Amino acid sequence: KSILKEIHLLQRVKGQLEEYNLYERKVQEKKGQLADLREALKTTITAIEELEAALFKVNLAAKLGCSATELQKITFGVATDKIGRVIGKNGSTIKQLEQRLLVSIEVDS
């Protein structure tokens, strides 16, 4: 009788192990799908960022009355302790500069 109980127990354990292995394969499959989705999301985000940059450029050109190809990007540094003066209170100085000079100013953080 004890041998039959052990056989029954081993069969139950074997069934549980097979079920576990099935679930493990499904988990690994889902992990692969998740990795693929993450990669697709990164690609989509990059494409959206490129489109937003192009749209910004077109809108800026329209605002300035020129074509997007005529726009020029000029980058220069400002000392960290002076950036507050360039921006001004609530961005007032930078807004005045943009309006007066017909430019768009971006400040990297």
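## About the model

The structure is a predicted model, where local features need pLDDT of at least 70, side-chain atom pairs count only at pLDDT 80 or more, and totals for chains, interfaces and linings use all residues. Residues are numbered from 1 along each chain as its sequence is written, and side-chain values use heavy atoms, with hydrogens and water left out.

Let's start with I3, which sits in helix 1, residues 2–64 (helices are DSSP runs of H or I with at least four residues, numbered from the N terminus). I3 is exposed, at a relative accessible area of 60% (exposed is over 50%, buried under 20% and partly exposed in between, with a 1.4 Å probe and protein chains only).

Together with L4 and I7, I3 makes a nonpolar surface patch with about 320 Å² of accessible area. Members of such a patch have over 30% relative accessible area and no salt bridge, and their nonpolar side chains (Val, Leu, Ile, Met, Phe, Trp, Tyr) are joined within 5 Å.

L64 also belongs to helix 1, and L64 is partly exposed at 23% relative accessible area.

## The largest pocket

Next comes the largest pocket, with a volume of about 1000 Å³. Its lining has 26 residues, and K73, I74, S104, I105 and E106 lie nearest its centre. Helix 1, helix 2 (83–87) and helix 3 (92–101) are the elements giving two or more residues to this lining; helix 1 gives the most, with five residues.

A pocket here is an open set of points on a 1 Å grid where a 1.4 Å probe fits, with protein on both sides within 12 Å along at least five of seven lines, and lining residues have an atom within 4 Å of a point. The lining divides into 17 nonpolar, five polar and four charged residues.

## Two loop residues

T80 lies in the loop between helix 1 and helix 2 and is exposed, at 72% relative accessibility. The C-alpha atoms of T80 and V27, 53 residues apart along the chain, are separated by 50 Å.

N90 is found in the loop between helix 2 and helix 3, and N90 is exposed with a relative accessible area of 69%. Phi of N90 is near 55 degrees, a positive value in a residue other than glycine.

Technical notes:
Patch = residues over 30% accessible without salt bridge, like charges linked within 9 Å, V, L, I, M, F, W, Y side chains within 5 Å. Areas by Shrake-Rupley, 256 points an atom, 1.4 Å probe, with all protein chains shown as cover. Salt bridge = Lys/Arg side-chain N within 4 Å of Asp/Glu carboxyl O. Points joined across faces, edges and corners; volume = space filled by probe spheres on them. Nonpolar A, V, L, I, M, F, W, Y, C, P; charged D, E, K, R; others polar.
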